[in-house]
Amino acid sequence: MLDVAAGNYVPNAVIVITDGLITASGSALAVPVGAQVIDLGDETLLPGLIDAHTHLMARMGDGADSYVQTLATESLARRALDGAADAKATLLAGFTAVRDVESEGSGYADLDLRDAIEAGLVEGPRMQGASRGIAMIGQYFPFGVAWDQPEFPVGAQLVSGVDEARRAAREQIGHGADLLKVYADWKEPTLSVEELRAVVDEAHRFHCKVAAHATTTQGIANALAAGVDSIEHGDHLTPVLLAEMKAKGVTWVTTKGVVWEEMRKAHSPAVQAKIDAFVAMVSANLATATRLGVRVASGFDPGSAADHGRNAVEIEALASFGLGNLGALRAATINAAALMGWADKVGALTPGHYGDLIAVRGDPLADIAIVQHVSFVMKGGLVVRDDRR
């Protein structure tokens, strides 16, 4: 069993789970009389993995107009069914908890999915949902819709001004959002610091955290000035901004699995040069984050049917970009759990935590790629995947 926090293995591990919670764990513990025993042999036990940036309701295609087509042709009932399928795929991949950072035009259906999972109606990970997301008018999907279609559905709740931003936050919290998602930029900074701060103030008043989509340097700076709790993507972070994140306790949720996969494809020299430059920037920022002690959490950002269930690609990407295998596993367990406010519930195999665990064949500290091929998944003491059968 890998003790992710300590960074070492516990040999001959025994984990005792009672009523869904871990009550004992350690080396060569006595098995309680009458317990059901699951012997995983020489496989390696890990805590259930966590994806801190997913979109279970999103199954967009590859075309330029796929987002528009999804909003125009799929009912909310269909979107909910898509979400259920994506939730199951994510769970079977070993991700027993997720932070779903907005429903991409399916309204509050992500919160319905969360509740259905909790009620046992749908198989899926433990879930925190951000509901609709909050973006500036004209600066979120769908783009390219005719101007005389003002009622066409949109991918987020679009606002203009402090009052509308505050109202959107209150509406989403009122409908049961666990956290709020704001778009601090798109190609350029969008929502003002004052608009962002209105959302943050409302969220924090109700003990909700705020995740900020922020890729530009100024967008990140605006989000930090407003007091957000996490920077999502953070493509153009700087050492100064990372130092501010450390001082304010802000988490960086990386979403770099897609570009990591792009690295391994054939490209023209011009495209390859851009990818190489981006990867070098990300690697440098991860090194700075590690040195400063900025919390880094893993988030794959899947948005298509093909990507759901491949969330562990992000873990391999983080290891490759400089976090190392153990650092990447921490990003997908204890760090993500801390961001979610669930450090006492998920992300570790110690007493008091949920009985959420996975098994892999091999040593993930030597070969991180094996986390993409889990052989056993348990959630709350219930087996949901066992390849030995």
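Predicted model: local features only at pLDDT ≥ 70, side-chain atom pairs only at ≥ 80, totals over all residues.
Q: Which word describes the orientation of H5 to H6, and why?
A: Angles under 35 degrees count as roughly parallel and those from 65 to 115 as roughly perpendicular; the angle of about 45° between the two helices therefore makes H5 oblique to H6.

Q: What is the handedness of the crossing of H5 and H6, left-handed or right-handed?
A: The crossing of these two helices, H5 and H6, is right-handed. On the H5 side the contact is made by Val193, Leu196, Arg197 and Val200, while H6 contributes Asn222, Ala223, Ala225 and Ala226. Sorted by class, the contact of H5 with H6 has 6 nonpolar residues, together with 1 polar and 1 charged.

Q: How should I read the pairing of strands, and what is the sense of pairing between S12 and S13?
A: Strands of a sheet pair through backbone hydrogen bonds, and they do this either parallel or antiparallel. Here strand S12 (residues 209-214) pairs with strand S13 (residues 230-233) in the parallel sense, over 4 bridges, and Ala212 has Ile231 in S13 as its bridge partner.

Q: Which unit do S12, H6 and S13 make?
A: Together, S12, H6 and S13 make a β-α-β unit that is right-handed. S13 also runs parallel to strand S14 (residues 251-253), to which 3 bridges join it, and within this pair Ser230 stands opposite Thr251 of S14. Between S13 and S14 the chain crosses through helix H7 (residues 239-248), and this β-α-β crossover is right-handed.

Q: What is the order of strands in the open sheet of 3 strands, and which strands stand at its edges?
A: The order of this open sheet is S6-S7-S8, with parallel pairing. Strand S6 (49-54) and strand S8 (126-129) stand at the edges, and each has a single partner strand, so one side of each is left without a neighbour in the sheet. On average, and with direction ignored, neighbouring strands of this sheet are turned by 15° against each other.

Q: How many bridges pair S6 with S7?
A: S6 and strand S7 (residues 95-100) pair over 4 bridges in the parallel sense, and Thr54 stands opposite Asp100 in S7.

Notes:
Residues numbered from 1 in each chain as written. Heavy atoms only, no water. Axes fitted to C-alpha atoms, helices over the stretch in contact; angles between N-to-C directions. Parallel < 35°, antiparallel > 145°, perpendicular 65-115°, else oblique. Left-handed = near helix turned anticlockwise from the far one by under 90°. Contact = heavy atoms within 4.5 Å. Nonpolar A, V, L, I, M, F, W, Y, C, P; charged D, E, K, R; others polar. Pairing = 2+ DSSP bridges. Right-handed = clockwise from strand over helix to strand, strands pointing away.
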